[in-house]
Amino acid sequence: MSQTNTPQSGGGSLKGAILRAGGHTNVQLGVICLLILVSMTAARPQMFLSAYNFESMAFFMPELGILSVAMMIAMLTGGIDLSIVGVANLAGITAGTVFGYVAGEAGAGSLGVAPVILGVGVGLLVGVLAGLLNGLLISGLKITPILATLGTGQVYIGLCLVLTGGPAIVGFPSGWTWLGNGKIASIPVPLLLFVVLCVGLSLLLSRTSFGLRLKLIGSNPKAAMYTGIERGRMIIWSYMLTGGLAAMAGILLSARINAAKSDYGASYLLQAVLIAVLGGTNPTGGKGNVLGVALAVISLTLLSSGFQMMRVSNHLIDFVWGAFLIAVIAINSFRGRKAG
Amino acid sequence: MKLFGSADAIIALILVVAMILIGLINPAFWQLSNIFSLLKSNVVIGLMALGVLLVMISGGIDVSFTAFAVAGMYLVVRVMVAIDYDGVILPFLAASLIGGLLGLMNAGIIHKFSMIPLIVTLGTASVVRGLLLGLAGTSNVNINQMPDALIALGRTDIVTLERANGSTFGLTAMIVLYLAVAVIMHLVLTRTMIGRSVYAYGADAEAAKRVGFNTGRTMIFVYCTAGALAGFAGLLHSSMIWLANPRDFVGLELDVIAAVVLGGASIFGGRGTVLGTVLGVFILVMIQNSLILMGIDTTWQRVVVGGMLIVAVAVTALRDRRAPV
């Protein structure tokens, strides 16, 4: 039962298989990033290394990155959150609906800064409340996280449909779209937000008692109980955090494309699971770190951007994601067995 | 084994109460044409649900079967069109075989790497859908290209009645097929060693291994059967709607899982009956199809299904806590 925090017990990396080395997961992930960067550059030098390509990656990577971190936090307690994409869309759509009401006939594009702050607040609130519902179902009613979040995910997507009636909400205020497309000192705003969130969460998980208790619940539930950690309350907090992060991702998504719809980002769910597992998160709980997830999302963004330049169809990229996930599972399993 | 376990009796009671309520709101519910169309909607979801039931009894969960269903259906129909083949039995065997082989992939990965089935099946679903759309194509096979034999099978009725205005409606013969598969599944689960091993594995995998069950074989049986049923149901679906769409069934996995949970199966494994699942499927399909009859806007459909799933899992979670297996 008890998972120790030795690096070789569950981290994910391809290089680990190549070198048969038990070094730290994050170092290996960093090497993978470089390897992908070099090989993609070799394949398409002019296109891949262009500033435009890196800038476009910096705009769309943060959404997926934040969703993956959210998934990692749910996995820390041995759970999973399948409702993150629903929460993300619901946050964007609720904010869009609020803008619609506030602006009335004038159109949401003309709204100033105050309504945008209100929209962000409403979006995040929706996410935290959605996470609270997940947490209550999981810790209060003792429903397995898979089924609870599968069900709530449908409810959230369903509410998106009810709010929009089907078609996308378009035309967000310019302050809102700045969140997804703007720059501060030539650094894309989404990237800045992602970095700030990563640093903050990393400190939260590794330097505070909250983070340590969260990991202990996942790695050794019995010991956690004996040390007096209130398991139920911690689980609720962790899902609220996951929900809030998912909402943040939804805000960035709707801000970047200036639209919100119930089925945007559907493929992000699998990718978030994959990135969390690849980043060294143990889906049975107790192990996971923000840096690993961030490195994993960077390597996979480089990979899929490279594939797109080589004109590989989107469907085959889906195939690669799935195959990658299974390969990581297999490698982790072999290494886990070796580590004994 | 009793025909009605107490859990199944409760589900049947819920079904009857729901039917009476819907009938009170809109008496049109009881029209024979509505009942026939309800039964028809049960067939495909029901066949898939029987496979998911197996997986859930074994303590797993499967979200890849809809991808397998699409793969079996689309590949077989495309090949039939390409070689101008017009038959029924071989295509259905082929679709089941495709589904079964893909299920073998699930079983192998889950058993060999002892990995959480949800994550494995998320991965295999993406692999199969990606390969299918990327390599086999994304265009529909429409009614004018669909093999005649498949269409003929899909429109076979066992009862045909005439409305007052002269138009006819019937009860699809596929319902017989579905019920036959359900009976076979019930017999396999309750009367054979491999069936009992699925319950044993789901209740306690380690104990099942120690009393001498070959758990690898159990996993292969579970996931191959689930895949084969999905492939079969996929082709049946396309023969009933006269269309083969390679993007079909997206999101259907939730409906099917909801139906199985509604039917009393526990995700922790070891619990679940065929009768409960058949009733669960009927409840789900009935409520989905009756939203319009009850005057509820269809945009609420997903909220209703999600809510039903949450209520059903909450009830089974309470039950499992009170009476541990």
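Two residues count as being in contact if their C-beta atoms, placed from the backbone, lie within 7 Å. Keep in mind, too, that this is a predicted model.

With that in hand, look at where the chains meet. Chain A brings 38 residues to the contact and chain B brings 36 residues. On the side of chain A that touches chain B, the elements giving two or more residues are α7 (145–164), α13 (268–278) and α15 (314–339) of chain A. Of these, α7(A) gives the most, with 13 residues.

Now turn to chain B and find helix α2 (residues 32–57) and helix α12 (residues 274–290), which pack at an angle of about 135 degrees with their axes 9 Å apart. Angles from 65 to 115 degrees count as roughly perpendicular and those over 145 as roughly antiparallel, so α2(B) is oblique to α12(B). Their crossing is right-handed. Among the residues that meet here are Leu38(B), Ile45(B) and Leu53(B) in α2(B), and Val274(B), Phe282(B) and Asn289(B) in α12(B). The residues of this contact divide into 11 nonpolar, five polar and no charged.

Finally, a word on confidence. Chain A has a mean pLDDT of 83, and 90% of its residues reach 70 or more. Within chain A, confidence is highest in helix α12 (residues 231–257), at a mean of 93, and lowest in helix α1 (residues 14–19), at 40. Over residues 1–23 of chain A the pLDDT is below 50, and this stretch has 45 contacts in the model beyond near neighbours in sequence.

How values were computed
Residues are numbered from 1 along each chain as its sequence is written. Chains are lettered from A and ligands numbered from 1 in the order in which they are written. This is a predicted model: local features need pLDDT of at least 70, side-chain atom pairs count only at pLDDT 80 or more; totals for chains, interfaces and linings use all residues. Helices (H or I, at least four residues) and strands (E, at least two) are DSSP runs, numbered from the N terminus. Axes are lines fitted to C-alpha atoms, for helices over the stretch in contact, and angles run from 0 to 180 degrees between N-to-C directions. Angles under 35 degrees count as roughly parallel, over 145 as roughly antiparallel, 65 to 115 as roughly perpendicular and the rest as oblique. A crossing is left-handed if the near helix is turned anticlockwise from the far one by less than a right angle, and right-handed if clockwise. Ala, Val, Leu, Ile, Met, Phe, Trp, Tyr, Cys and Pro count as nonpolar, Asp, Glu, Lys and Arg as charged, and the others, Gly among them, as polar. pLDDT is the predictor's confidence in each residue, from 0 to 100.
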